[in-house]
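Student: Could we go through this structure together, one question at a time?

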Amino acid sequence: MSNVPANLKYTKSHEWIQDMGDGTVNIGITDHAQSLLGDLVFIELPEVDSEVSAGDECAVVESVKAASDVFTPLSGTVIGVNEALADTPELINKDAYGDGWLMKLKLSDNNELKDLIDASAYEEVAAEDH
Amino acid sequence: MGKKTPLYDAHVKHDAKIVDFGGWDMPLHYGSQIEEHHEVRRTAGMFDVSHMTVLELRGEKVVDFLRKLLANDVARLKDKGKALYSCMLNEKGGVIDDLIVYYMEDDWFRMVVNAATHDKDVAWITKQAQAFSVKVDEPEGLSMIAVQGPEARDKTHQVIDKTLAEKAASAKRFYAVTDGETFIGRTGYTGEDGYEIILPANKVMDLWNALYNAGVRPCGLGARDTLRLEAGMNLYGTDMDEEISPLEAGLAWTVAWEPEDRDFIGRQVIEQQRGQNGTRKLVGLILEGKGVLRNHQKVFVNGDEGEITSGSFSPTLGKAIAFARIPKNETEQCEVEMRGKRVPALIVKPPFVRDGKACV
């Protein structure tokens, strides 16, 4: 079974969200998602300072097997992206919740956090996927 | 649940991701197919290829039979143990399968064909063999390991019987040696030096474990696919099939046109295609930008349209590469339709990588 840390929030489309508690979040893809994709080889990230709305396609992660869109579950401004992924996309395979993070957002609507699911709900989503 | 090879438990033990391949439960990777790929290019890796089919062909007229059956000519094999790669064509010149045949004795050839084509291959070969009174046997209980990479031969010599190791060490490329029940061919599907070892199924686990302990890493079908693509080697069912002739699959070099009176199956049709302008070509593509080329993406060359037959990411080059079938091959530039956009790609002549080095 994949690793699903209890301190994070999730989406049904396999993104994780870490609420930093100061109106910003970190976003990445789950360990389950990277395991389905296999070795990642290219990551396309949004521009820093760009505005995104919940549901927007904001990144593309491409593995030896398939290209997959990443959707932002929250609206706000991109305040940082993981530049290291350009040369070492395998960070996502090795550490999906740490060094393999994708981007940081400054939220425009904190209420959207309520739409995210918790670790136990995500575990059910991931289990159905098998 | 598919068929399992005698090494299935070893794959599970090494945390393999198991996938269906032609009805067999086979390892896709053991964690990272890219790391496995690099290991084969840099040191040594091993593949369970026990799903492949070994056939024994015996009879006084076995040479005549194979000169009829295959587009390449077994009369080119002068020494015992020598291997030949060939296509087996239907009457329309389409490829039924690609295979390797080894000259064992004047009345005995050993053949290795693909797993997914097993049933139709055996049916076709058996049918054609009747006119030559050649006996086609599929020996039970054989397994096969491919050990590939610059250190593959040395590491294999360390773990096999001394007599066999000495024989294997003296084998030239594309030759096989045997000792008792073990057969070692200096062949492979990766573009690296190494062996394909055929042995009794009840001994294969011991060899696998011995190789593992000697530092040979288990590699799955994922790495096998990117290695063969870099090496410019076709995959049956993907790059060619029964509707595609060897000339349209980059395999003209495997067709023996001389002597002219050798009437192999399919010759009449592909003879007409030969030198004809309308014959499609299989070429290599390299993507200069980001992204990964995928099977069936459309390719545009000077207004003509072609298709990618095998596309993937080349771990050695760090770029996407592919084989594509295009109407004409007169330029070095083309465009590929990727995720709704047309992006430029370079047309090259495979292989992309041989013996660990980039060659494009």
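Student: What covers the buried residues of H3(A)?

Tutor: This is a predicted model, in which local features need pLDDT of at least 70, side-chain atom pairs count only at pLDDT 80 or more, and totals for chains, interfaces and linings use all residues. Residues are numbered from 1 along each chain as its sequence is written, and side-chain values use heavy atoms, with hydrogens and water left out. In helix H3 (residues 119–128) of chain A, the residues A:Ala119, A:Tyr122, A:Val125 and A:Ala126 are buried, where buried means under 20% relative accessible area with a 1.4 Å probe, protein chains only. What covers them, through contact (heavy atoms within 4.5 Å), includes strand E1 (9–10) and H1 of chain A.

Student: Which exposed residues does the face of H3(A) turned away from its buried side carry?

Tutor: Exposed means over 50% relative accessible area. On the face of H3(A) turned away from its buried side, the exposed residues are A:Glu124 and A:Glu128.

Student: How many salt bridges does the rule find across the interface of chain A and chain B?

Tutor: A salt bridge is a side-chain nitrogen of Lys or Arg within 4 Å of a carboxyl oxygen of Asp or Glu. One salt bridge joins the side chains of B:Glu35 and A:Lys94, at 3.8 Å from N to O. Across the interface of chain A and chain B, the number of salt bridges found by the rule is three.

Student: How many residues of chain B are in contact with chain A?

Tutor: On the side of chain A, 16 residues take part in the contact. The number of chain B residues that they meet is 13.

Conventions:
Chains are lettered from A and ligands numbered from 1 in the order in which they are written. Helices (H or I, at least four residues) and strands (E, at least two) are DSSP runs, numbered from the N terminus.
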